[in-house]
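Trainee: I have a model open and want to learn how to read it. Please take me through it feature by feature.

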Amino acid sequence: MITASAPGKLNLILLVGKPDQLGYHPLYSIFETLNIRERATVRFRPQRDESARIGMPIVVHTLGADLSDLEPTKHLAFRAARALILEAAKLAIPAVPDGHVLEIEIEKSIPVAGGMAGGSADAAATLVAVDRLLGLNLDRERMHEIARGLGADVPACLEGGISLGVGYGDHMTRLDQPDTPEHYWVMCTMRQGLSTPAVFKEFDAAGRGRSKLPTSLREGDWRVLEGAEQLVGLLENDLQETALSMHPTLGQAWKVIEEAGPLAVLLSGSGPTVAALATSLEHARQIEQRLAEAPEVENTLVVSGPAQPAKVE
């Protein structure tokens, strides 16, 4: 049995291009991973009937969230495990023993449909755990290549720290250093989620995509490695306007969060989770306390970044 964990993330900067001929959006994104982590525990156990229905000896259980409506083969943890079983076959390495299944238990801490890459963290944790369980010992380059095939945010959750993502946001360059200061955030979740594909569809319909994106770090964006006060005025999310127009209560919640006294407020990914930047852990807890009775906000989480990469625990 192997347990691994992977961090959630926040896009400090998210610039979105017009969709290309394949329908995918080029991105320029600077990710900060956060110390809220998903965990994946993997093991072999004797096979029962459940995996026969999906054509792969993989079974996924999720704790901490109701994903019963999600088709098993579309769970990112399932897809991550399948990718590594196929990789083992290419390398002629035995994978799942005969008569057994690879069982994956996902312990969720990151809000579902909140723009914090919970599903991608599931995939990253599963990749690290299954790689160890199967004895593949894949190098960073190959792990990231597989991660890119699973989703644009999976490499960021695999890498940890603060990273620049270009291409589809999935080609990563690690930016942070050992002396990079810690940033404190209050993540504010909403009662109603937002579908990432729906946000991008509305974004495209409004013609908001950029015609050209940077392909390397923009001058001035190194400030993401400085203290919280230097992030003010730098934070940027092209999806913010679209998400605010789609979500029935997000605009009202935004005003309430701003009134709680953060340095800055930012939409997390495609939303609807809102990130409130604090000067310190004490300041973050003060913001959280001020929002405790706010009916517009479902829940608050005090987190910090940059965080450790996906790793075996």
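Trainee: What percentage of the 313 residues of the protein chain count as buried?

Mentor: Start with the ground rules. This is a predicted model, where local features need pLDDT of at least 70, side-chain atom pairs count only at pLDDT 80 or more, and totals for chains, interfaces and linings use all residues. Residues are numbered from 1 along each chain as its sequence is written, and side-chain values use heavy atoms, with hydrogens and water left out. Buried means under 20% relative accessible area, exposed over 50%, and partly exposed in between (1.4 Å probe, protein chains only). Here 52% of the 313 residues are buried.

Trainee: How many helices and strands does the protein chain have?

Mentor: Both are DSSP runs, numbered from the N terminus: helices are H or I with at least four residues, strands are E with at least two. This chain has nine helices and twelve strands. The radius of gyration is taken over C-alpha atoms, and the globule rule is 2.2 Å times the number of residues to the power 0.38. The chain has a radius of gyration of 19 Å, close to the 20 Å from the rule for 313 residues, so it is as compact as a globular protein of that length. Its C-alpha atoms fill a box of roughly 60 × 45 × 40 Å along the principal axes.

Trainee: Which domains does the domain assignment give?

Mentor: Domain bounds come from an automatic or database domain assignment. In this chain they are domain 1 (2-176) and domain 2 (183-305). Their C-alpha centres lie 24 Å apart. The contact between them takes 31 residues from domain 1 and 42 residues from domain 2. Contact means heavy atoms within 4.5 Å. Across the chain, take the contacts between residues at least 6 apart in sequence: 76% of them join residues at least 24 apart.

Trainee: Where does the largest pocket lie?

Mentor: Definition before location. On a 1 Å grid over the protein atoms alone, a pocket is an open set of points with protein on both sides within 12 Å along at least five of seven lines, whereas a cavity is a set where a 1.4 Å probe fits but cannot get out. Lining residues have an atom within 4 Å of a point. Grid points are joined across faces, edges and corners, and a volume is the space filled by probe spheres set on the points. The largest pocket has a volume of about 1,400 Å³. Of its 44 lining residues, the closest to the centre are Ser120, Ala152, Asp153, Thr196 and Pro197. Domain 1 and domain 2 both give residues to the lining, so the pocket lies between them.

Trainee: Which element gives the most to the lining of the largest pocket?

Mentor: Helix H2, with four residues. The lining divides into 20 nonpolar, 16 polar and eight charged residues. Nonpolar covers Ala, Val, Leu, Ile, Met, Phe, Trp, Tyr, Cys and Pro; charged covers Asp, Glu, Lys and Arg; the others, Gly among them, are polar.

Trainee: What kind of peptide bond joins Gly271 and Pro272?

Mentor: Check omega. The bond is cis, with omega about 5 degrees. Pro272 sits in the loop between strands E9 (264-267) and E10 (274-278). Gly305 and Pro306 are also joined by a cis peptide bond, with omega about 0 degrees.

Trainee: Is Ala92 buried or exposed?

Mentor: Ala92 is exposed, at 67% relative accessible area. Its phi is positive, about 60 degrees, although Ala92 is not a glycine. Ala92 lies in the loop between H1 and strand E4 (100-107).
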